[in-house]
Amino acid sequence: MTVYSTKLTLTSYGNRVTYHEITEQVKQHVEASGIKEGICVVASPHTTCSVIFEELSYDKDFYGYEYLQLDLNKLLENLIPDCKTQGQYHHPGPEHIRVGLEDFKGKISPEAYTMLNTDAHLKSTLLGTSETFVIENGEMQIGMVGYIYFIDWDQLRKRDRTCHIKIIGE
Amino acid sequence: MTVYSTKLTLTSYGNRVTYHEITEQVKQHVEASGIKEGICVVASPHTTCSVIFEELSYDKDFYGYEYLQLDLNKLLENLIPDCKTQGQYHHPGPEHIRVGLEDFKGKISPEAYTMLNTDAHLKSTLLGTSETFVIENGEMQIGMVGYIYFIDWDQLRKRDRTCHIKIIGE
Amino acid sequence: MTVYSTKLTLTSYGNRVTYHEITEQVKQHVEASGIKEGICVVASPHTTCSVIFEELSYDKDFYGYEYLQLDLNKLLENLIPDCKTQGQYHHPGPEHIRVGLEDFKGKISPEAYTMLNTDAHLKSTLLGTSETFVIENGEMQIGMVGYIYFIDWDQLRKRDRTCHIKIIGE
């Protein structure tokens, strides 16, 4: 039995939802792991990101969003409108802003407005922050048209995000 | 430590959402695996299916839908209306139709209309494509009333679908 | 390779949604497991609970709900209104009530009204009943501000709930 560990660093656009299509990278790590039978967990350590399994849609808009991404964005925007200013959602409240600017000074949020990402938190909760895939005969079981996406829902600042890949099996 | 691998083949109705209640089959494979402490991952390799954990609702409608399934169907239909024709959602766009009919000729979509399953893709993304269960003392920890369902959201054609079961532990 | 198993008992309020913040407990079990590289599955055996990964929001309302919890509650209440009486949802139907009161007499639902928790079932399905975390160098990879919550969506009666923690790795 083996545990294979790696992680990807993925940079977001900063001003809109970012989809990172990471299928090929995950597949290469499954191959490098040498694991023939097992599972592959792809997980975000951030609470404003998600990992999903979806078909690649071949048409793209001007921003580069695949059409299924556009449809998902619209669905979620209708449910969870972009957080434009304070008071729109309960979060972030005054104490949260204080903690972010003072207690975590320089570590998390450089400015108060960067904490107005309540929409990103709720989208991440709704879609989940990890997905688990099955490995059979050394291959990810994701079908002929399945792809893995790491989504960064945060639209307020450009950031390097981490995506963990953990492969367990034999 | 053992990895036990198996899969189920599940045939959809083709003209409406299909729920496959697979609890007993999963339990039998957990027993066959001999694993006493570990996890059981139930996963779809398809991007228009989901695996969920839900109570069995004893009343059924004329189609055989359990009442909790009816309530879930209605909730999701309100959020994600059935894709009735092109242009309703962004996906599938013209290039996607071309790729499906030409590049994947005979492999995926036999006719253009079968790609109008955008609703199924979005439902699958919202509910996820796998669920992980815990095994303790050789038994799935799913309570007295918990059941496992493999859902095929695609309403456009009858298909044999695969459901992967991977059990890891000792 | 090791499998470490434990569970928490968490008591709900009974008259409203209950969030149990269990991050520290999960971390302590990861340390106790001695596992340096692996995964940690946190799972509910109940079909009206969820496990989520979310930021801790420092402001709270009079009930003690963190502000992100308030925002999540409101989002879900809009989608899935509280089940106030029979007929509002399909579930629970007459046969389900009969089974709950007679076949499972004394084991599950002491009174018919306690089965009017359809909203809790649908919320649990939407958010999922487990989450999988990655362990690296002996530490849960949940970032500086990530927290683990076990949510009991059932608002009809106070109950002791079980939360399973399964840690696999080496």
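In which crossing, left-handed or right-handed, does helix 2 of chain B pass helix 4 of chain C?

**Entry 1: ground rules.** I am working with a predicted model, where local features need pLDDT of at least 70, side-chain atom pairs count only at pLDDT 80 or more, and totals for chains, interfaces and linings use all residues. I count residues from 1 along each chain as its sequence is written, with chains lettered from A in the order in which they are written, and side-chain values use heavy atoms, leaving out hydrogens and water.

**Entry 2: the helix pair.** I found that helix 2 of chain B passes helix 4 of chain C in a right-handed crossing (the near helix is turned clockwise from the far one by less than a right angle). Helices here are DSSP runs of H or I, at least four residues, numbered from the N terminus. Residues 67–79 of chain B and 118–127 of chain C pack at about 60°, with axes 11 Å apart; the axes are lines fitted to C-alpha atoms over the stretch in contact, and angles run from 0 to 180 degrees between N-to-C directions.

**Entry 3: who touches whom.** Contact means heavy atoms within 4.5 Å. On helix 2 of chain B I noted Leu68(B) and Asp71(B), among others, and on helix 4 of chain C, residues including His121(C) and Leu122(C).

**Entry 4: the copies.** I laid chain C on chain B by a turn of 120° and a shift of 0.0 Å along the axis, with an RMSD of 0.0 Å (least squares on C-alpha atoms of residues with pLDDT of at least 70 in both). The two copies are thus related as by a three-fold rotation axis.

Technical notes:
Helix = DSSP H or I, 4+ residues; strand = E, 2+ residues; numbered from the N terminus.
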